[in-house]
Amino acid sequence: MVDFSIEAVRGKFPALSLTDKGRRRIYLDNPAGTQVPQAVADAVSRCLLTTNANLGGYFETTIAAQSVVDEAHQAMADFLGAASPEEIIIGANMTTLTYHMSRTLGRTLKPGDEIILTRMDHEGNVSPWLQLAEDLGLVVRWLSFDEKSWQVEEAALAGLLCDKTRLVALNYASNLTGSINRVKALTAIAKKVGALVYVDAVQFAPHGLIDVQDLGCDFLICSAYKFFGPHMGVLWGRLDVIDGLKPYKCRCSSNGLPERFELGTPQIELMAGLTAAVDYFAELGAAGEGDSRRQKIAKAFEVAIAYENPLAQRLIDGLSDISGLTIHGITDPKRLGDRVPTVSFTVDGIVPETIVRQMNVENIFLWSGHNYAWEIVHQLGIPAEQGVVRIGIAHYNTAAEIDETLESVHRVIALLRQQRS
């Protein structure tokens, strides 16, 4: 059994002990980006100071830099359950990689082909496909989420599929509602018509074990800075799919995998940090000798989920006590496993930004707005220029931080209502 010690976990993150004019910080902006362990910062620094060279040469630093790149691909293969590091494509961020892959896949599509997009996705998994459809004359079918289950339902997807469907883009978990989709089941349905499936797992990756081979999808993308790593994106592509694709690239650059998809000089120092982030999970899940890195990562998620879920329920219960406050997402304790610990809400008559600004003054870090969940706010009828208040928990947060945040929410809303009356 892995022992999860919140004190030991927090001790690995220097940012958690920082203060501003003597005031503590409460980091609940985690859906937008997590803090990093000391080991990640050390790895980036060490790479810059000792292995700083471009790739392809025969001297010591370039050979060492290549090892850093290779190790990062292997680390992410272990993190995602990939069959090979050749399936791992590392780049600037999720949105840039998705634009790149959408254009590459566009070479295989023709006018009249259909793609399915969901109204639950982050805009990074919507706009690249919308603009591709506009460029190529593709037909876009919209897949709404169910406002009772807060998930994309299999029957709804099945009703949109046809023999012209070439791609389904969907998300693993919402960055606004926190809801987790049944990706494996949705993928199986899409595969019945031979469609490719592109999964945005950015919000799920910090909170659950991903097994790309079990899911059956063709592509899955995530962001390292959402799971305690540096600012970069990682795209997994099924080997038999990506091996047949011709990306836009320089004529003289490598045609090997994954190099043909990784444009220009890689962010080598950030790749060092990426490996360190994966190894942080492995260390968190280390229960004994003999386990593989993948097995340790799986154990890490078991203990992290068991720690995070009660915090999420504590937050949901505390918010539910406030009259006029609506949580946009799953609130049933029996369905806690169907969401990640990202909780968004609105309050009747109060603009979300006014709540967040006041709480930010109190050094409680969280966000307001649509948070690029553009289709969600429109489906729910939430003014896009206002959006929601979003609170996102990571496994380094504490029950005391949740309680202090709830006290602040109650007090700030009462104050704003008093000012309005």
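How far is the sulfur of C47 from the closest cysteine sulfur? Keep in mind as you look that this is a predicted model. The closest partner for C47 is C222, and the two sulfurs sit 20 Å apart, which is too far for a bond. For a disulfide, the sulfurs would have to be within 2.5 Å. C217 is in no disulfide either, since its nearest cysteine sulfur, again that of C222, is 11 Å away. Search the whole structure and you come up with 0 disulfides. C47 and C217 are still tucked away from solvent: C47 counts as buried because its relative accessibility is 5%, and C217 is buried too, because its relative accessible area is 0%.

Now let's turn to the helices. Two packed helices are described by the angle between their axes and the distance between the axes. Start with α4, which covers residues 94–106, and α5, which covers residues 127–136. Their axes come within 9 Å and cross at roughly 30 degrees. Angles under 35 degrees count as roughly parallel, so α4 is described as roughly parallel to α5. The crossing of α4 past α5 is right-handed. If you want to find the contact on screen, pick out T98, Y99, S102, R103, L105 and G106 on the α4 side. Facing them from α5 are S127, P128, W129, Q131, L132, D135 and L136. Sorted by class, the residues of this contact are 6 nonpolar, 5 polar and 2 charged.

H100 counts as buried because its relative accessible area is 14%, and the cut-off for buried is under 20%. Setting aside neighbours within four places in sequence, H100 is in contact with P247, Y248, F261 and L263.

The other helix pair is α10 with α11, where α11 spans residues 293–320. Here the axes come within 6 Å and cross at roughly 70 degrees. The range from 65 to 115 degrees counts as roughly perpendicular, and α10 and α11 are therefore described that way. The crossing of α10 past α11 is left-handed. From α10, the contact is made by T275, V278, D279, F281, A282 and L284. From α11, R293, K296, I297, A300 and F301 take part. By class, this contact holds 7 nonpolar, 1 polar and 3 charged residues.

Most residues other than glycine have a negative phi, and most peptide bonds are trans. What is the peptide bond from L257 to P258, cis or trans? That bond is cis, with omega near 0 degrees, and P258 sits in the loop between α9 (239–242) and α10 (268–284). Positive phi values turn up at K21, near 55 degrees, and at W150, near 65 degrees. K21 is in the loop between β1 (19–20) and β2 (23–24), while W150 is in the loop between β6 (139–143) and α6 (154–158). How do they sit relative to solvent? K21 is exposed, because its relative accessible area is 92%, whereas W150 is buried, because its value is 12%.

Finally, let's follow two buried residues. L28 lies in the loop between β3 (26–27) and α2 (38–50), and L28 counts as buried because its relative accessibility is 1%. Which residues does L28 touch, not counting those up to four places away in sequence? They are I364, F365, L366, R390, I391, G392, I393, N397, I402 and T405. Take N397 from that list: N397 is 369 residues from L28 along the chain, yet their C-alpha atoms are separated by 7.9 Å.

G237 is found in strand β10, residues 233–237. G237 counts as buried because its relative accessibility is 0%. Leaving out neighbours within four places in sequence, G237 is in contact with E87, D218, F219 and I242. If you look from G237 to R417, 180 residues along the chain, you'll find that the C-alpha atoms are separated by 50 Å.

Notes
Residues are numbered from 1 along each chain as its sequence is written. This is a predicted model: local features need pLDDT of at least 70, side-chain atom pairs count only at pLDDT 80 or more; totals for chains, interfaces and linings use all residues. Side-chain values use heavy atoms; hydrogens and water are left out. Buried means under 20% relative accessible area, exposed over 50%, partly exposed in between (1.4 Å probe, protein chains only). Axes are lines fitted to C-alpha atoms, for helices over the stretch in contact, and angles run from 0 to 180 degrees between N-to-C directions. Helices (H or I, at least four residues) and strands (E, at least two) are DSSP runs, numbered from the N terminus. Angles under 35 degrees count as roughly parallel, over 145 as roughly antiparallel, 65 to 115 as roughly perpendicular and the rest as oblique. A crossing is left-handed if the near helix is turned anticlockwise from the far one by less than a right angle, and right-handed if clockwise. Contact means heavy atoms within 4.5 Å. Ala, Val, Leu, Ile, Met, Phe, Trp, Tyr, Cys and Pro count as nonpolar, Asp, Glu, Lys and Arg as charged, and the others, Gly among them, as polar.
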